[in-house]
Amino acid sequence: MRPIHSLIFLLFLIPIPLWAQQDYEAQRQAIQQEQAQTQDRIESLEEQIELVESRLRQTRTRYEEVFQQYEEQARLVALQGEQIREMEQEQRQIEQEIGLIRDNLEVLETELNRLIQEYQQTLQYLYKHGRVTELALILTSSSFNQLLIRSAYLARFNTYRASQEEAIRTQQDAYEQTLVELRNTERENDEQLARIREQRARQQESERALEQQATNLRENREALSTQLSRVQQEQQELNQTLNELIDREEAIRLEEEERRRQLAAAETIEDPDEREAIVARLERPRRTVSNAELAQFEETFRSDRNQLPWPVRGGTITESFGERIHPVFGTRTNNPGIDISVPPASPVDVVNNGYVFAVQPLPGFGDVVMVHHGRYKTVYGNLSDIYVTRGQVLQRGDTVGRSGDENSIRGPVLFFMIRDGNQNVNPERWLQ
């Protein structure tokens with residue numbers, strides 16, 4: 001009866017479940033999806049780089065063009081730096097995928113070796129107990145019922161041996177396919193590293209051009225001083241205009257609240273003629289949102305700090321908030337907001353609920369939309385198109401217009417600013 005026991009032992013050798021392979025596929029798909037998103041970001045940055053390079057070629061002669069060229073060159077260096085960071089991120093994702101494939105390759109190899117070892121045990125069993133032993137088992141059965149049982153075991157054993165062979169072939173195919181994927185991914189990694197080296201060389205060339213333009217600007221010292229004064233004047237005018245508009249809006253609000261109070265009081269006058277005359281004088285179309293609505297705007301804005309959506313999608317900050325030291329003279333200017341580089345005429349969305357309290361052009365900032373969020377205000381400048389009007393109530397995500405294009409004063413960027421009370425604050429600390 002010992003051969004029967006050995007046979008039963010082999011019949012219950014079951015291959016490892018496939019959950020591990022399925023988990024590997026899910027992880028790899030997630031990494032590949034991240035790579036695709038990063039690649040889309042890299043392609044968007046490449047389009048913006050090509051656009052800035054095109055604008056650089058168009059500005060070559062007079063001082064104003066040299067200064068504009070310098071600004072564009074600085075933007076180009078920033079975009080190239082961001083693209084390199086994204087490319088390095090993709091390269092790290094590729095290395096992560098390589099590691100995952102190698103781990104899976106080890107699992108497949110271990111499983112393949114296990115299957116081969118089990119199959120060798122089966123062959124050893126067949127060598128010792130070949131067809132003669134199988135026939136003897138059947139012929140020496142003590143009863144017809146035992147004969148049927150032994151025949152069934154032998155049939156299951158032959159089926160199991162065939163399934164072992166098929167499992168080995170399948171595992172071998174999976175191993176070889178994964179090996180091919182590993183080689184392909186390693187080659188992709190080498191190509192990405194080469195692209196990063198090439199992009200770094202491009203950026204270094206751009207930085208050298210930027211330094212040359214700074215040298216050219218130093219040769220036009222007087223004109224440069226005039227240009228710097230103009231930039232400072234534009235920034236001062238922006239802040240002054242914003243303050244005036246906020247004060248004017250507050251005066252309108254107080255006037256509106258007083259009108260509503262008088263209108264409510266008039267409703268209590270008993271004399272109908274007097275009441276109708278006063279109501280007719282006070283009634284007019286609503287000009288502002290109520291204090292309750294404004295308080296709600298403010299609370300929503302405050303609670304969304306660090307979670308505000310970007311006003312544009314796929315943008316790169318090329319001019320940061322705050323003090324900026326000029327590379328030529330070391331003079332200092334304060335940028336009241338940030339410049340976000342995006343493809344020309346990209347949709348610009350309001351970052352939170354509020355209402356438009358001003359739409360007007362400003363020197364150096366182009367056409368500007370200002371939105372009231374209670375204590376907080378947001379400014380969207382250098383717009384190539386505007387979709388909203390003064391007094392319009394907006395919900396988070398509503399489109400206020402389109403960012404700058406090639407013809408805009410600041411180029412294909414959006415100027416974005418946040419005011420907290422009477423202070424300009426860094427938008428990067430509020431955005432997601």
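Is arginine 302 buried, partly exposed or exposed? With a relative accessibility of 35%, arginine 302 counts as partly exposed. Keep in mind as you look around that this is a predicted model.

**Salt bridges within a helix**

- Side chains of opposite charge can pair when their charged atoms come close.
- The count of salt bridges in this model comes to eleven.
- Arginine 302 has glutamate 298 as a salt-bridge partner, and their closest N and O atoms are 2.8 Å apart.
- Both residues belong to helix α8 (residues 291-303), and because they are four residues apart there, about one helical turn separates them.
- Glutamate 298 has a relative accessibility of 22%, so this residue counts as partly exposed.
- Helix α3 (residues 63-128) holds another pair, glutamate 72 and arginine 75, which sit three residues apart, or about one turn of the helix.
- The side chains of glutamate 72 and arginine 75 form a salt bridge with an N to O distance of 3.1 Å.
- Glutamate 72 and arginine 75 are both buried.

- Aspartate 304 counts as buried because its relative accessibility is 16%, and buried means under 20%.
- Arginine 396, at 35% relative accessibility, counts as partly exposed.

**A patch of negative charge**

- On the surface, a patch of negative charge brings together Glu270, Asp271, Asp273, Glu274 and Glu276.
- One of these residues, glutamate 270, is located in the loop between α6 (221-266) and α7 (272-282).
- Glutamate 270 has a relative accessible area of 76%, so this residue is exposed.

**A sheet of three strands**

- Which strands form the open sheet, and in what order? The order is β5-β11-β9, three strands with antiparallel pairing.
- The edges belong to β5 (347-349) and β9 (385-386); each has a single partner strand, so one side of each has no neighbour in the sheet.
- Strand β11 (residues 399-402) runs antiparallel to β9, and two bridges join them.
- Follow aspartate 385 across to β11 and you reach its bridge partner, arginine 402.

**Asparagines with positive phi**

- Asparagine 306 is not a glycine, yet its phi is positive, at about 70°.
- You can find asparagine 306 in the loop between α8 and β1, where this residue is partly exposed with a relative accessible area of 42%.
- Asparagine 382, also not a glycine, has a positive phi of about 60°.
- Strand β8 (residues 376-383) contains asparagine 382, and with a relative accessible area of 1% this residue is buried.

**An exposed isoleucine**

- Isoleucine 409 lies in the loop between β11 and β12 (413-420).
- The relative accessible area of isoleucine 409 is 52%, so this residue is exposed.
- Between the C-alpha atoms of isoleucine 409 and serine 384 the separation is 9.6 Å, while along the chain these residues are 25 residues apart.

Terms used. Residues numbered from 1 in each chain as written. Predicted model: local features only at pLDDT ≥ 70, side-chain atom pairs only at ≥ 80, totals over all residues. Heavy atoms only, no water. Patch = residues over 30% accessible without salt bridge, like charges linked within 9 Å, V, L, I, M, F, W, Y side chains within 5 Å. Areas by Shrake-Rupley, 256 points an atom, 1.4 Å probe, with all protein chains shown as cover. Salt bridge = Lys/Arg side-chain N within 4 Å of Asp/Glu carboxyl O. Lys, Arg positive; Asp, Glu negative; His and termini not counted. Charge placed at Lys NZ, Arg CZ, Asp CG, Glu CD. Buried < 20%, exposed > 50% of the residue type's maximum accessible area, 1.4 Å probe, protein only. Pairing = 2+ DSSP bridges.
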